[in-house]
Amino acid sequence: MANGENVSGPILAADGRPLRQSLARALRLQKLRALMLIAPLLIFILVTFAAPIADMLFRSVENAIVPETLPLTVAALEDWDDASGQPPGEKVFAALRQDLLAAVAAKAHTKLGSRLNYEQTGVASLLRKTGRRVKRMEEDGDLAAQFAKIHKSWADPETWATIKRFSNAYTSGYFLNAVDAKLGATGIEARPENERIYIFLFERTLILSVVITVACLLIGYPVAFLLATLPMRTSNMLMILVLLPFWTSLLVRTSAWKVLLQQQGVINDTLVFLGIVGDGARLAMINNQTGTIIAMTHILLPFMILPLYSVMRTIPPSYMRAAKSLGATDWTAFWRVYFPQSVPGIGAGAILVFILAIGYYITPELVGGTSGTFISNRIAYHISSSLNWGLAAALGVILLVVVLVLYWLYDRIIGIDNVKLG
Amino acid sequence: MAALPPYASTGQKLWYWGFRLICVLIFFFLIFPLLVIVPLSFNPLPYFTFTPGMLALEADAYSMVNYNDFFTNIDWQNALYNSVRIAPVATLLSVSLGTLAAIGLSQSHVPFRGAIMAVLISPMIVPLIISAAGMYFFYSRIGLQGTYVGVVLAHAALGIPFVIITVTATLVGFDRSLTRAAANLGANPVRTFFKVQAPLILPGVISGGLFAFITSFDEVVVVLFVGSAGQKTLPWQMFTGLREQISPTILAVATILVVISICLLTTVELLRRRSERLRGMSPQ
């Protein structure tokens with residue numbers, strides 16, 4: 001083409017434009033058409049799915065309630081030095097009275113109380129009590145003394161320090177709480193021993209997920225190997241046994257395990273009947289970690305077998321035969337020749353199972369009792385029972401980051417285009 | 001694991017049969033929990049184990065009482081009605097939008113293809129509890145929390161990755177010269193789509209739709225948060241039943257759902273084979 005241009009100028013298309021321009025235009029049109037086809041769905045996903053996730057990110061740091069409910073107090077506290085060890089001056093108390101009067105009229109003081117109570121226990125009742133009495137205060141009297149009379153916490157600099165620390169519109173408080181820390185007087189500090197639960201829960205979630213992934217791999221590998229080496233006809237028949245659980249409702253499988261594992265359930269009855277355990281010593285297999293591990297291994301097993309199978313199908317059987325004809329034993333042929341080629345399948349299956357396990361909610365909730373629950377159960381608890389949405393969001397964001405890192409890894413190793421179903 | 005050669009040593013024979021035994025046990029582990037609930041669902045007594053009469057196969061130890069309860073109990077019927085009202089609409093939404101986008105994605109020049117694909121697949125990757133939490137927060141801001149529309153939109157979003165994956169997989173083997181031939185013979189793009197492309201990718205679209213349907217039909221976490229009592233679906237009813245007091249009717253429902261999944265699995269398998277056959281025919 002460069003040659004042609006040198007001889008007789010740019011090559012022209014049929015309509016007289018330079019060919020290069022014409023091609024670029026065609027390409028642009030093609031790109032535009034592809035984007036037009038994708039656009040409706042992309043917008044749909046952005047609105048129904050991406051925006052909620054973004055909202056959650058926002059809520060995990062959002063703290064507008066403090067500056068909005070106590071605008072004058074927050075401004076007045078600017079000049080107060082929280083290291084002084086003294087409660088702030090009369091000006092701040094006057095601002096607090098103004099703010100509280102407005103907050104009580106708008107019924108916002110109890111919400112503020114529950115927000116600050118996450119950071120310092122007792123603030124909720126303090127604000128409720130103060131809210132009831134603030135109207136009866138005398139405007140001209142010694143406000144600091146009047147507030148202290150309502151509740152002695154108002155004379156405590158620690159209360160004011162808490163308000164000052166959380167007076168910004170954004171806070172790291174929820175994230176610190178999610179890793180068992182808090183913003184204390186001297187900066188970030190660990191929570192007292194008896195209030196630490198989240199690091200422990202994250203650890204338990206990770207450990208149980210690893211156990212489930214390993215169990216799935218150990219159980220799934222032989223089956224995938226068998227399916228990949230059997231003739232197509234037989235393996236298609238046996239594949240149904242893998243696909244049927246995959247297609248069956250999660251709740252059906254969970255309820256089946258609940259029925260099987262109960263103290264008066266089928267497995268315990270069989271064991272008692274066979275005389276393996278005594279009637280009085282029935283095994284506790286449900287509402288604990290054992291229940292979670294058994295049920296989730298069963299539920300996630302197809303997600304291990306299917307990627308393993310699709311990789312193993314591509315390994316030519318002649319390699320194993322070649323190894324054996326060169327003198328390898330069955331085990332050497334498998335371990336040195338077959339196994340290394342199946343590693344991509346192990347990677348795909350293990351990451352997939354781990355991603356799914358780490359965020360599981362339903363099964364641990366139903367069969368996990370208290371010792372077999374995951375971090376997701378805690379998130380659900382904070383959304384629907386304790387109503388600490390900020391903490392729920394912060395826990396969710398941490399979990400999301402872990403999953404996204406794994407997802408990125410999966411994409412690098414296997415590629416999302418290669419995800420296969422059924 | 002080809003057939004055992006006649007010269008195999010005793011150790012090899014032992015391993016061969018031992019390995020098969022292990023595999024049989026694993027298959028048993030996979031399928032037994034599903035099978036065991038079928039006979040148990042006919043137990044008239046509120047126990048979740050086999051009564052002596054059931055083991056002796058006495059006819060009157062089995063009864064349809066749990067099924068009767070499912071078909072007459074207003075709670076279960078409402079739940080069934082809600083499931084049937086939500087899942088097909090959500091499926092329709094994800095299939096129509098998803099198929100269009102999959103066709104767009106499989107064009108040869110798509111800017112930001114990787115990024116777009118990652119966004120579209122993400123509802124499948126993000127843990128359900130996080131999607132549910134985010135949707136709960138966001139939908140309550142815009143007034144969709146606790147509404148039928150909110151649940152349908154949420155379920156459609158969850159079903160989309162499955163449609164994208166199955167349809168793009170069908171389009172990978174699609175022979176572009178067919179559409180060019182149609183255009184050459186004078187068909188406009190719309191006609192080309194419906195007469196040439198659509199019939200060939202239909203198996204992929206249908207199996208993507210079935211995936212989306214089962215996703216919505218089985219979904220409980222998101223509906224638990226985004227829905228309200230008016231959108232109580234079948235899985236939700238099962239979830240509350242299992243958490244509070246486990247009623248034997250759940251086993252009847254579970255059995256019905258197992259039968260439904262057998263039907264769906266059969267359909268998807270048949271479609272997959274048909275699609276492979278069709279693709280085998282088109283010259284590559």
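Modeller: Happy to! Let us start with a term: contact means heavy atoms within 4.5 Å. By that rule, 87 residues of chain A are in contact with 90 residues of chain B. Please keep in mind that this is a predicted model, where local features need pLDDT of at least 70 and side-chain atom pairs count only at pLDDT 80 or more, while totals for chains, interfaces and linings use all residues. Residues are numbered from 1 along each chain as its sequence is written, chains are lettered from A in the order in which they are written, and side-chain values use heavy atoms, with hydrogens and water left out.

Now for the area. Between chain A and chain B about 8200 Å² is buried, that is, accessible area (1.4 Å probe) that the two parts lose on being put together, summed over both. Carbon and sulfur atoms give 81% of that buried area.

Charges come next. A salt bridge here is a side-chain nitrogen of Lys or Arg within 4 Å of a carboxyl oxygen of Asp or Glu, and there are two salt bridges between chain A and chain B. In one of them, Arg243(B) pairs with Glu365(A) at 2.9 Å, N to O.

On the chain A side that touches chain B, helix 2 (residues 19-59) gives the most, with 24 residues; helices are DSSP runs (H or I, at least four residues), numbered from the N terminus. Sorted by class, this side of chain A has 61 nonpolar, 16 polar and 10 charged residues. Here Ala, Val, Leu, Ile, Met, Phe, Trp, Tyr, Cys and Pro count as nonpolar, Asp, Glu, Lys and Arg as charged, and the others, Gly among them, as polar.

Conventions
Helix = DSSP H or I, 4+ residues; strand = E, 2+ residues; numbered from the N terminus.
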